[in-house]
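The following exercises are to be worked through with the sequence and the model at hand. Each task is followed by a solution in steps.

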Amino acid sequence: MKISFNINGQPQTVDVDGNTPLLWVVRDVLHLKGTKFGCGKAACGACTLHVEGEAVRSCSYSVKFAEGKRVTTIEGLGTKENLHPVQQAWIEEVVPQCGYCQPGFMMATAALIEKVPNPTDEDIDNNIVNICRCATYYRMRKAIHRAAELNQSSKQIDQ
Amino acid sequence: MSNSKSVSRRKFLVRAGIGTLGVLALGTVVFRNPARRKIYELAETIVPPYSGTGTEANLWFEITKDNQVTLYSPKVEMGQGLFTGLAQIVADELDVDVTQIQVIAAATATGIIDGLSTGGSISVASLWQPLREMAATMREMVKSEAAKKMGVEASSLTTSNGIVSGGGKSMTYAEAVADVTKWKLPKTPALRSIKNYNFVGKPVKRVDLVPKVLGDPIFGMDAEMPDMLHACIVRKEHIGATLKAWMLVKQNKCQAW
């Protein structure tokens, strides 16, 4: 079936089985490889992207549900020249080790700080529940606080 | 693979850039590990599978037109910080800043991959000596080309941050080696004392942060080949179920998983 949605600001139509997980459409049909496959059961969060600004685990989200919606992947979060506050914070705190799970964490964090601009440690514990095999959690927590700070100051500049 | 012992480990190969941006690339064959400590005895004694003829390097780095250095690592970065370590090693003998070095995983298309694979804490130990020798040799090659272009003695030149200076003049490494077609490979210069190194042994930021926060396709799973097929494992639905039969069918369109 044909499914149309907006991905990273661009309109896109794909012709696939509507039950295909969004993850595989993004990776194998649209060739955006930043979104990762981890467990395939919505347990680890490596495949997290945004649908209408909400963090979604795309390995367990049928592409048909994205019809007419706005999808954002790590490739649409920021660029090398114009990093998203989350990416900036991740570099400042030297978070990634192997890096495989990090796009999922960054997408989850970007969604969190839009809803909770200044998350507490408890907010982080309750909302950022992805899994990192390198165990970068300690630096990630620091980076989430830093990203929230950067995000707020960039919004003040915008206003 | 059996003749690999007869090949000199210090045989350096020069060629034009192996990437699209390169102006000078230097490579060598690393098939035996020079690690000397007892713990690395395995690396000393094992003859890893090396399928080349001895003239196909498996360790390369090159200076690019924008005065950056690209290092093609035969070892895998899996979070242990190896790419950063290799960049530190190169930076201290080549006289470039560690941030000028981009380390990428060598594709099989650009060279033979180290048959010893990555593990056992031998990546840095095995590449420490050849990388330093290659970097020091390349630095002297750059200086000698800069000396010709500047009309001065190479011995009067100094190098720092990827720039050759002397007699009130300076040029980047990329400028020094641009348009050179014939290379003279000098004898490997004496390596510096570890005490004088600026990057080795000092904390530096990882060199692979930017591609990792941008979600660049740097992982094995991200590779795409022409006409590549995608597959996935179908798990049995019942405990104790066994595979009775299977068949291969042509699928033009993805079936839902």
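**Exercise 1.** What covers the buried residues of H1(A)?

*Solution.* The model is a predicted one, in which local features need pLDDT of at least 70 and side-chain atom pairs count only at pLDDT 80 or more, while totals for chains, interfaces and linings use all residues. Residues are numbered from 1 along each chain as its sequence is written, chains are lettered from A and ligands numbered from 1 in the order in which they are written, and side-chain values use heavy atoms, with hydrogens and water left out.

Step 1. Helices (H or I, at least four residues) and strands (E, at least two) are DSSP runs, numbered from the N terminus.

Step 2. Buried means under 20% relative accessible area, exposed over 50%, and partly exposed in between (1.4 Å probe, protein chains only). By this rule 7 of the 8 residues of H1(A) are buried, namely Leu22(A), Leu23(A), Trp24(A), Val25(A), Val26(A), Arg27(A) and Asp28(A).

Step 3. The cover of these residues includes strands S1 (2–7), S2 (10–15), S3 (48–51) and S5 (70–72) of chain A.

Step 4. After H1(A) comes His31(A), which has a positive phi, near 60°.

**Exercise 2.** Determine whether Lys2(A) is buried or exposed, and list its contacts.

*Solution.* Step 1. Lys2(A) lies in strand S1 of chain A.

Step 2. Its relative accessible area is 62%, so Lys2(A) is exposed.

Step 3. Contact means heavy atoms within 4.5 Å. With neighbours within four places in sequence left aside, Lys2(A) is in contact with Thr13(A), Val14(A), Asp15(A) and Glu67(A).

Step 4. For Thr13(A), the separation from Lys2(A) is 11 residues in sequence and 6.5 Å in space, C-alpha to C-alpha.

**Exercise 3.** Describe the interface of chain A and chain B.

*Solution.* Step 1. In chain A, 32 residues are in contact with 23 residues of chain B.

Step 2. The buried area (accessible area, 1.4 Å probe, that two parts lose on being put together, summed over both) is about 2,300 Å². Carbon and sulfur atoms give 65% of this area.

Step 3. The rule for salt bridges (a side-chain nitrogen of Lys or Arg within 4 Å of a carboxyl oxygen of Asp or Glu) finds 3 across the interface. One salt bridge joins the side chains of Arg27(A) and Asp222(B) at 3.0 Å, N to O.

Step 4. On the side of chain A that touches chain B, the elements that give two or more residues are helices H1 (22–29), H2 (74–77), H3 (85–92) and H4 (102–115) of chain A. H3(A) gives the largest share, 4 residues.
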